[in-house]
Amino acid sequence: MINSTSEFLAEALYKCGRCSYCRGYGAETPIICPAYELTDRLEVASPKGRLQIARRLLENSIRSSKELSQSFFLCSLCGDCKDKCIEGIDTTEVFEVIREVLVEKNVGIDTHSKFMGSVVENNNPYFEPHEKRFEWLPKNLETGNPVTPEYAYFVGCTSAYRRQPIAVTTTEILHKANAKFTFMDEVCCGSPLLRTGHKEVAKKLATKNIETITKTGVKKVITSCAGCYRTLKQDYPVLLERELPFKIIHSAELLAELIKDGRLELSDDKQMKVTYHDPCHLGRHSGVYDPPRDVLKSIPNIKFVEMSENRNNALCCGAGGGFRAGYKDLSIELAALRVSQVKKIDAEILASSCPFCHYNLELGRDKIDKNLKVVDITELIAKRLL
Amino acid sequence: MDIQSFLEEIVGEQYVLTEDFEKIVYSRDASIEPPVLPDYVVRPRTIEEIQKIFTFINSASYNHPIHIRCSSTSYWGGGVPAKRSIVLDLSRMNEIIEINEETQCVTVEPGLTFGELHTVLEHKGYRIGERPESAYSACIGGHVASMGAGLGQYIFGNQGDQITGLKIVLPNGTLLTTGSGALENVPKFTKWMFGPDLSGLFIGSEGVLGVIVEITLKLYPLPKSMAFATFAFENIENTIETVHQIQKKLFSIQYLSCFEGSSFIETYPQLDWGTKADHGIVLTIVIEGRSQEDANIQKEEITLEALKQDGEDLGEGFARDIFWKNRYNWAVTRTLRKGLRTIILFRVPTKKIPLFWEETRIIGEQFSLEVGRSCQARSRHFISYHPSIRYSEKTPEIWEKVKECKNALYLRFIELGGMPCRLPGQLPESITHKFKHYLLFLKKLKKCIDPNNIMSPNKIAGL
């Protein structure tokens, strides 16, 4: 049933020796596979289980079905299994490919198809009108269309429609740093579609966004969303089979640079104990761990503490990979599990650098401790700007 | 009532798996053995559920053997079910039942992984005596049932020596408690009651006599200090002579392993491997001490032995920075680094290892297969020898050749005076015949405890 990507799949799937480490439990990483943990250790929900099923699909010895497809969609594509696999199997890539096949066979997840429809119609997965994409932008923060902008700010759907304060604070910071930047008529980066088996639609979005960005003439694109960052930086060159004519920078990276260069001055405030949640798409998928930490540590009177599950061992917030749309309750349960790890170190503030993580962690926080503040690092910085 | 309805009534519909795609993931383990699809997979949560399942299956004439499964990280086929099996997946039974600091014991359910247990124990300043190098994924129940080996065995003994009591559900559904815990109001501090050691019947039994549903293990304090050493030798003879001299004395060795140097140099080129490792043997030792001074003194004495045999001192690097850091997934790191391997496990008198080493090379060449060689001192009294044959999932056509090579190694090792750690049912009669009397007694025992033969057929040859 699987043809054009057979070679890639065969290479990956025949490497798996079923060692079970991908769903193991270790010291620094008490949970490797969240789906396995949340389903009461159901083997078909583990990476090992999925790889075995995928292999049978490749060998045509098993038929796809709605029930079978649950095994592949019950996964946030957090990449922890890929990070831990001794054989170096690119598990997330395998699962994305299988998802494409399952969607082609009409056994994908209904909620994913619905938001895909919203992206096609409204350029965002939130069923919001495209015209309202920049409703969050107050007049005093409009850019005035600089002639030669240095940056384009790719806001992203979640910041634009669901976590608007992050878009506002990122823009405030850019203004404060006297950065010459512009907005643009962006559409969804395509990440939700790539992760849920709708690659062809994602390709069209990529083409449109690249055209739009290119028209601005910038060489640097900023985004404050980890999902957009990973998609623009890593997926677009593969989708479009070419190098991008500009650099993609996450707001955490930019902030670290601006602070280091003295372009942002931060005020003092009462001491706060802050920890950081590594978004999967920024951390494990893209290797960006230090800049957000450098930013947090540079804020006066912040006591930065690490959770024991940090960096490449961070537990997923549960939002990404279509998990939130497909399995809302489990997604929030996972976010709550992540928040319970925060509670172990008594942090007052949980900072992150992804609006989607922010979104889900707040829901998880509500189940555990409503006093815990969940913030984006841009929000922390914006509050302290001098 | 049909089996599926019966099982669903006991554990709940969502915990009985019948679809092919669900059962596929239970059809293999980490070995080369081909898949066998079970008829049902049932995922109980409590001992009572298991008792009901066994009582029913044992009394009815459905002819569905029961196969016990935890993590299925077996490299020798122990996790592959028999045809028409009902797989009993114990992964939902994963709690720590009790940490008893007074008796220095911990009681756990079989589906708990060593990694999870260690995460909790280390926070309290404890460890268990022996834990496998696949601790992150291996479950305690499976390890006990297959008499696994691992870190700490040299000092504390094997997993069987760690047990102070078990609970077992017998094939007829009866719950048997062994050790002092069998008496009401007595803590589980020793496996020795009056009469023979009943725990010992089930340790290493591969599930053929019943299912282990609760395990109590000894606790130890975390080591105070550690020392690490790595040496390279020109040949296996010098290496083993060093090991033999070490075994004659009383050192506190967490881990001692010998492997072909060339197999690791490629993977860790950043380390200084000296001049001998490339074509010789590397000896890795981890020592624990009551103080750093004590650990260092032991290390100095061990180093002297190594130097007497022309060993090259490679420092701490590999032992500390590579092995010890990855000790809980070392089985995976070591075994699967360069592809899949099937492993043969033997216990061998130390001084015979060079002979085994050479015979392995000869047989590997005869079959034109790559056979890696390594061994570990798990005790002062013998060495665990585990050659491994490389294979690929892409080329099942060579699997028969790999198995023939494996059988040839088995036969030769037995002839040379080694003791197999496993005697799986897939082995030919030419090998199992050598254990005729031992197996005859086991068969009689099995007949007595499992007269309807519902438990894990063929996990031990002939049973």
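How much accessible surface does chain B have, and what percentage of it belongs to carbon and sulfur atoms? The accessible surface of chain B comes to about 17,900 Å², and 51% of that area belongs to carbon and sulfur atoms. Areas come from the Shrake-Rupley method with a 1.4 Å probe, and for residues only the protein chains shown count as cover.

1. Basis. This is a predicted model, in which local features need pLDDT of at least 70 and side-chain atom pairs count only at pLDDT 80 or more, while totals for chains, interfaces and linings use all residues. Residues are numbered from 1 along each chain as its sequence is written, chains are lettered from A and ligands numbered from 1 in the order in which they are written, and side-chain values use heavy atoms, with hydrogens and water left out.

2. Chain B overall. Chain B has 17 helices and 21 strands; helices (H or I, at least four residues) and strands (E, at least two) are DSSP runs, numbered from the N terminus. Its radius of gyration is 22 Å, close to the 23 Å that the globule rule gives for 463 residues, so chain B is as compact as a globular protein of that length. The radius is taken over C-alpha atoms, and the rule is 2.2 Å times the number of residues to the power 0.38. Along the principal axes, the C-alpha trace of chain B spans about 70 × 55 × 40 Å.

3. Of the 463 residues, 63% count as buried. Buried means under 20% relative accessible area, exposed over 50%, and partly exposed in between (1.4 Å probe, protein chains only). Among contacts (heavy atoms within 4.5 Å) with a separation of 6 or more, 71% in chain B are made by residues 24 or more positions apart.

4. Chain A overall. Chain A comes to 18 helices and eight strands. The radius of gyration of chain A is 21 Å, close to the 21 Å from the globule rule for 386 residues, so chain A is as compact as a globular protein of that length. Its C-alpha atoms fill a box of roughly 65 × 45 × 30 Å along the principal axes. Buried residues make up 65% of the chain, and 77% of the contacts with a separation of 6 or more come from residues 24 or more positions apart. The accessible surface of chain A is about 14,800 Å², with 47% belonging to carbon and sulfur atoms.

5. Helix H12 of chain A. H12(A) bends by about 35° at A:Gln234, with a proline, A:Pro237, following within four residues. The bend is the angle between axes fitted to the seven residues ending at a residue and the seven starting there.

6. Surroundings of H12(A). Because 12 of its 15 residues are buried, H12(A) is largely enclosed by the rest of the structure. The buried residues include A:Tyr229, A:Arg230, A:Asp235 and A:Pro237. Their packing partners in chain A include helix H11 (199–216), strand S3 (220–223) and helix H13 (251–260). Just after the helix, A:Glu241 takes a positive phi of about 55°.

7. Other positive phi values. Most residues other than glycine have a negative phi. A:Arg311 has a phi near 55°; A:Arg311 lies in the loop between strand S6 (302–304) and helix H15 (323–326) of chain A and is partly exposed at 27% relative accessible area. B:Ser72 has a phi near 60°. B:Ser72 sits in the loop between strand S3 (66–69) and strand S4 (86–89) of chain B, and is buried at 8% relative accessibility.

8. B:Cys70 is buried at 8% relative accessibility. B:Cys405 is in no disulfide either, its nearest cysteine sulfur being that of B:Cys421 at 18 Å; B:Cys405 is buried, with a relative accessible area of 0%.

9. B:Ile3 lies in helix H1 (residues 3–11) of chain B and has 4% relative accessibility, which counts as buried. Not counting residues up to four places away in sequence, B:Ile3 touches B:Tyr40, B:Tyr62, B:His64 and B:Ile86. A:Asn122 is in helix H7 (residues 110–122) of chain A and is buried at 15% relative accessible area. With the sequence neighbours up to four places away left out, A:Asn122 touches A:Phe127, A:Glu128 and A:His130.

Terms used. A disulfide is a pair of cysteine sulfur atoms within 2.5 Å.
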